[in-house]
Amino acid sequence: MLWGRKQMTIGFRHEALFYDSPTGFADTLAPFVTDGLATGEPVLVAVRPNNAACLRASLGRAADEVTFIDMPVAGRNPGRIISLWHDFVDIHPDAGAVRGIGEQHVHVDREEDRACADDLD
């Protein structure tokens, strides 16, 4: 999603991504993250740990510039998720826009959580 404030307007764009593996997730979204960082846009990623690990690996050192949040922890209270995004926007008042990646908190089994490590080998 993209929020803009520089022109005193707030915009929001929401897109969906279907992916078949944690590495597919990371390979698709790493360019979105790096493009945002290259233009000075703060980036928030609120996803499951296995997807975060794959994205971090794809980003390399650029991952240090990204705010990562563990969605299974943050998403335990669904009412907290919207304020999480608002808080992120609020702490970057001078950014022309911010970028974010989020996924719903859903229960997944341990085998799927290990998929990233298997894909990276």
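A residue is called buried when its relative accessible area is under 20%, exposed when that area is over 50%, and partly exposed in between. These words are used below for a predicted model.

**Overall make-up**

The protein chain holds six helices and four strands. Starting at the N terminus, their order is β-α-β-α-β-α-α-β-α-α. Of the 121 residues in the chain, 40% are buried. The accessible surface is about 7,500 Å², and carbon and sulfur atoms account for 52% of that surface. Among contacts with a separation of 6 or more, 68% are between residues 24 or more positions apart.

**Helix α1**

Helix α1 covers residues 22-38, which makes 17 residues. Just after the helix comes G40, whose phi is positive, at about 80°.

**Strands β2 and β4**

Strand β2 (residues 43-47) runs parallel to β4, and four bridges join the two. V43 has R99 of β4 as its bridge partner. Strand β4 spans residues 97-102, and five of its six residues are buried.

**Salt bridges**

Three salt bridges are found in the whole structure.

| Pair | N to O distance |
|---|---|
| R99 and E41 | 2.4 Å |
| D87 and R80 | 3.4 Å |
| R48 and E103 | 4.0 Å |

The side chains of R99 and E41 meet in a salt bridge. This pair links distant parts of the chain: R99 belongs to strand β4, while E41 sits in the loop between α1 and β2, 58 residues apart. Both R99 and E41 are buried.

R48 forms a salt bridge with E103. R48 counts as buried because its relative accessibility is 7%. E103 has a relative accessible area of 12%, so E103 is buried.

The remaining pair is D87 and R80. D87 has a relative accessible area of 37%, so it is partly exposed. R80, at 38%, is partly exposed for a like reason.

Key: Residues are numbered from 1 along each chain as its sequence is written. This is a predicted model: local features need pLDDT of at least 70, side-chain atom pairs count only at pLDDT 80 or more; totals for chains, interfaces and linings use all residues. Side-chain values use heavy atoms; hydrogens and water are left out. Buried means under 20% relative accessible area, exposed over 50%, partly exposed in between (1.4 Å probe, protein chains only). Contact means heavy atoms within 4.5 Å. Accessible areas come from the Shrake-Rupley method with a 1.4 Å probe; for residues, only the protein chains shown count as cover. The expected span of a helix is 1.5 Å times one less than its number of residues. Two strands pair if DSSP finds at least two bridges between them.
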